[in-house]
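Here is a short report on one protein chain. Look at the sequence and the structure before reading on.

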Amino acid sequence: LRIFESNIHLIFGTSMHEVLQTYLEVMYNDSIKNADVLNLEEMLRDKLIEQFNIAKENDGKEPCTKEDLQEFFQDGCDIIDFFKKKRGDYFQKRNYELVGCEVPIDVGYLDIVLKHIPTDTITIFDIKTSTRGWNKWQKADKNKTQQLLLYKQFYSKQYNHPIENIDVEYFIVKRKLWENTDFPQKRVQKFIPASGTVSMNKVNNGLNKFLDEAFTEDGEKKDDMVATPSKKACKWCEFRKTEYCHDAV
């Protein structure tokens, strides 16, 4: 029922993904030197304009103001500046190889897949753009963290790689920094969710429970399926207190 419309956050997220992925592709497949001389700021500007025009054509209206576009572009330049200066803290070339960016799996694409050659360990990175990073509630949100756990499982089966040799990590880039703080801040936040056997069993059980409750054995959606979102989720729902709402609050 929901009508999808783009916005500046989606435009920025898509553009920043492509910029960072391009840098890493050149870094691993060519050289760090050549990656460092890439004009990432110009690339980001071009990607933002490209995504803006695509969204405008698809939605029939401008997805954001020109002022928003300029602000997000400057935020992106600040992220790029930090990333290039501190890249070695997050991505090293020695003993690593880039399996790929946008690596296909049956349910979608993986942002970055990196292999540590000596240990044959795969790390799946998911790039997230955020205003000021993830807080403790966002880190505890299973709808966020379980996504990568499922990716880990699907990658293992599809590419026949031992699941115990696959790590997952969220690579979160922050547009803004907190003001008036007494400690240094970084534009990049790393978050590694628990992905051991217990966590994998929980996500599998949750997925199977959803499939059993929502679909018949033939794969058809059950007519009596009723969503049970949290009260917090209801607060922001565009269908709240409408004819489509099963529990008006």
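The report covers the fold, the surface and the core.

## Fold

This is a predicted model. The protein chain has eight helices and five strands. From the N terminus on, the elements run α-α-α-α-β-β-β-α-α-β-β-α-α.

The C-alpha trace spans about 60 × 50 × 40 Å along its principal axes. Residues 24 or more positions apart account for 59% of them.

## Surface and charge

The protein chain has 249 residues, and 37% of them are buried. Its accessible surface comes to about 15,600 Å². Carbon and sulfur atoms hold 48% of that surface.

The protein chain carries 37 positive and 41 negative charges.

## Nonpolar cores

The largest nonpolar core has 37 residues. Which of them touch the most other members? They are L24, F91, I112 and F171. Several elements give two or more residues to this core: α1 (8-29), α3 (40-59), α4 (66-86), β1 (96-105), β2 (108-116), β3 (121-130) and β4 (166-174). Helix α1 gives the most, with ten residues.

Now look at I112. Leave aside its neighbours within four places in sequence. I112 is then in contact with Q21, L24, F91, L98, G100, C101, T123, I124, F125 and I127.

Notes:
Residues are numbered from 1 along each chain as its sequence is written. This is a predicted model: local features need pLDDT of at least 70, side-chain atom pairs count only at pLDDT 80 or more; totals for chains, interfaces and linings use all residues. Side-chain values use heavy atoms; hydrogens and water are left out. Helices (H or I, at least four residues) and strands (E, at least two) are DSSP runs, numbered from the N terminus. Buried means under 20% relative accessible area, exposed over 50%, partly exposed in between (1.4 Å probe, protein chains only). Contact means heavy atoms within 4.5 Å. Accessible areas come from the Shrake-Rupley method with a 1.4 Å probe; for residues, only the protein chains shown count as cover. Lys and Arg count as positive and Asp and Glu as negative; His and the chain ends are not counted. The place of a charge is taken as NZ of Lys, CZ of Arg, CG of Asp or CD of Glu. A nonpolar core is a set of buried Ala, Val, Leu, Ile, Met, Phe, Trp, Tyr and Cys residues joined through side-chain atoms within 4.5 Å.
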